[in-house]
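Trainee: Please pick a single part of this model and take me through it closely. After that, I would like to hear how it sits in its surroundings.

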Amino acid sequence: MPTLKRTEVLTDVRTHYCPGCGHGIAHRLVAEVIEELGIRERTIAIAPVGCAVLMYDYFNCDMTECAHGRPPAMATGIKRVQPDKIVFTYQGDGDLAAIGTAETIHAANRGENITVIFINNAIYGMTGGQMAPTTLTGMRSTTSQDGRGKHGEGPPLKVCELLRSLDGVCYLERTAVSTPKDVNAAKRAIKKAFQNQIDGKGFSLVEVLSMCPTDWKLSTAQSVDFVNNEMKEAFPLGVYKDKG
Amino acid sequence: MGKKILLKGNEVMCEAAVQAGCRFFAGYPITPQNEVPEYMSKRMPQVDGVFVQAESELAAINMVFGASASGVRCMTSSSSPGISLKQEGISYIAGAELPCLIANVQRGGPGLGNIRASQADYFQAVKGGGHGDYRVIVLAPASVQEIYNLTMNAFDWADYYRNPVMLLGDGISGQMAEPVEIFPYKPIVDLPAKDYILDGCAGRKPRVVKTLVLKPTDGLVTHNEHLQEKYKRIENELSLYEEYQTADADIVIAAYGITARIAKGAVSLARKKGIAVGLIRPITLWPFPSDAFATAAQTTGQILTVEMSHGQFIEDVKLAVNGACPVEFLGKGGGWYPTEELILEKIESMAAATAKGNL
Amino acid sequence: MDRHETRIIIAGFGGQGIVLIGNVIARAAVIEEKNVVGMVSYGAEMRGGTANATVVISDGEIFNPFVAHPDMAIILNQPSLDRFEPQIGKDGLVLMNTSMIKRGPQRTDLKCIKVDATQIAQKVGNLRVANIVSVGAFIEHTNLLSMSSIEQAIKDLFSSKNPKLVEINLEALHTGAERSRCMQPVR
């Protein structure tokens, strides 16, 4: 059994994330991967607007934070100027799949050699539980109080399924952080997404289904169940594209 | 003097940028600035630079944000409707104190407007079109040679002050061709080391480029005060204008960019008719050369503001003059431009009114 | 401040090489170290209908880049003559392509140079050089620029693209000059 130790890629501070939130796990996985690949000193990370906006306080590497939805565009600027650096964005569902949909699709289609970590918790966390592009049908939020789908909201947007059709995309996998097995699988996927960039293979995105007990108004245990029972059904896990 | 070659304003701006070391361009097609992305798409690869045709103006300015954070000289260009879209990114870049060049080859508005030349984005450019208390250095060239010179200077000032610079042209100055002397770039200021760039934290502490300031509680107040101090310094150090025949002028025309060219023609016509007219042409619109107007207002009888918009530029002229002399107005938006004769007519009526008043 | 300034408009159908005429004249002016501003109509205005370009040549500083009342006009088709005739300055000069203009200017103050540009171009071997035929006639009847500067401008423009284009355009230029030589301006 491996001994648990801190990763040098995360700073030694307490995060602002709520109890039971999946961001902490996802941060840790990304950080471990960066450490294992030995790329911390050439990594530039881009924080989103949303709950993870403060990740620049938590990651021990060069960081930037940009406008809502624009990380793939900013990543394009950084990576094109510095192709030898490792550039990743870390984005929530509102950032990546609503306000930044165009940036996501076009960075993917250009095959930008970047890594995108997409945290899907089906809700707007930072602003207080509004409907996300990935909010499940029937799910209540502060802006879909009768449940999504009753008033013309449309069904949840499925990012991996959407991006799969783009020829520029190298690798897409949907994972979760709701069970130990899922966490291990998520780490493997994240590592592959970074390795792809190191190998110059192009656009890689790992979607991570993640818990938001606070805005789901569920206990931490119920939130894990919600991911396992509801979210995985709407967003099936698996590899959606792998050009190898 | 070197040999002159005939080039369009838009092309010259690109070549000046390349000469000044610009190695990243992101943009989106829009008339009347299409020569810019076309030129850059060809030229950037020749100098190992990067050209990206972005999916939108939003993406383009954020690509520039990333390129600037990477330490490279970078630019984007567009025309009025596209510049509106870029305002989000300009606010962020100004907030993060990063250098870049944004060119606005203005066209008629509001909305989709038309593709004729206009100066109706004055407020947006000089007052800050995005959110927050920020300033962008705004340069208004009036000739193709000046586009060449100012584009080079723009990159220096952007780096020197760590601030976005906007080149505020228009459809005419972008499209017109004039002989221009292409000379090699030489910095006009001592360029500071770029100690803020994100290039991986090898051998140093990680850096953060950001605009969110939550801690301490008054951190954003402090950041804003710092920005304002910088803007004050820029105002003290950077104020460019051309003065033409103002020494004995009874009427001084205030005009910038292409309008000032036409106004100069009107000065010449008026002088032939015995009316002492001069011209002050701001080259920097922010910082605004207020002193030049304040000084002129002490000796001249009246000022006439001419602009291709409905009274935007005149507000800064009036602020500078501060009631010391009357400020008259001639201007319209939507692709209208004044003729020398029209300006002369206005001058004659102003002169006549004064003569009557003196009786 | 005595300076000599000439304001020229060039107009015709889109596709008649209007922009090229402006370019050749403006480049020749640069060769003669004169100040010059060249402009073309652009965008939607350029697609279909009449195309036009303007050139201002001066030995002093050029203030106004716009040409509201041209001193000289090179007009290659009827709609352009109809459109621009009223704008031409008093006692102005019009060079007209009689192949495509049947009704000449109505004004009596205008000097008129006639050249059968399209016909001549056909004889030279390429319809597309009618524009340069017109330039030849224009230069022949004005003291604006020397023929050798125009020749140089044509060489500068075409030699990198295709040397054969230099040849045919120079032939068009000279033929235009010759074939209009005997035609005195008519009042």
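Mentor: Happy to, and one definition comes first: a residue is buried if 20 or more other C-beta atoms lie within 10 Å of its own, exposed if 12 or fewer, and partly exposed in between, with C-beta atoms placed from the backbone. This is a predicted model, in which local features need pLDDT of at least 70 and side-chain atom pairs count only at pLDDT 80 or more, while totals for chains, interfaces and linings use all residues. Residues are numbered from 1 along each chain as its sequence is written, and chains are lettered from A, and ligands numbered from 1, in the order in which they are written. Helices (H or I, at least four residues) and strands (E, at least two) are DSSP runs, numbered from the N terminus.

Let's look at helix H4 of chain B, residues 80-95. By the buried cut-off, 12 of the 16 residues of H4(B) are covered. They are B:Ser80, B:Gly82, B:Ile83, B:Lys86, B:Glu88, B:Gly89, B:Ile90, B:Ser91, B:Tyr92, B:Ile93, B:Ala94 and B:Gly95.

What covers them? The cover over the buried residues of H4(B) includes helix H3 (57-69) and strands E4 (74-78), E5 (100-106) and E7 (164-170), which belong to chain B as well. Contact here has a plain meaning: the C-beta atoms of two residues, placed from the backbone, lie within 7 Å.

Now its length. The expected span of a helix is 1.5 Å times one less than its number of residues. For the 16 residues of H4(B) that gives 22 Å, and the end C-alpha atoms are 22 Å apart, which agrees. The helix also has a kink of about 45 degrees, centred on B:Lys86. The bend at a residue is the angle between axes fitted to the seven residues ending there and the seven starting there. B:Lys86 is one of the buried residues too. After H4(B) comes B:Glu97, with a positive phi near 55 degrees.

For contrast, take helix H8 of chain B. Its 19 residues, 219-237, should span 27 Å, and its end C-alpha atoms are 27 Å apart, which agrees. The number of its residues that are buried is 0, so H8(B) lies largely in the open.

E4, E5 and E7 belong to an open sheet of 7 strands in chain B, with the order E3-E2-E4-E5-E7-E6-E13 and mixed pairing. The edges are strand E3 (50-53) and strand E13 (284-286), and each has a single partner strand, so one side of each is left without a neighbour in the sheet. From one strand to the next, the twist averages 20 degrees, with axes being lines fitted to C-alpha atoms (for helices over the stretch in contact) and angles running from 0 to 180 degrees between N-to-C directions. Strands of a sheet pair through backbone hydrogen bonds, either parallel or antiparallel. Two strands count as paired if DSSP finds at least two bridges between them. E4(B) and E5(B) pair in the parallel sense over 4 bridges, and B:Met75 stands opposite B:Leu101 in E5(B).

Stepping back, chain B has 12 helices and 15 strands. Its C-alpha atoms fill a box of roughly 80 × 50 × 40 Å along the principal axes. The radius of gyration is taken over C-alpha atoms, and the globule rule is 2.2 Å times the number of residues to the power 0.38. For 359 residues, a compact globule would come near 21 Å, and chain B has 21 Å, which agrees. Buried residues make up 58% of chain B. Of its contacts with a separation of 6 or more, 79% join residues 24 or more positions apart.

Finally, the neighbours. Chains A and C do not touch, and their nearest C-alpha atoms are 27 Å apart.
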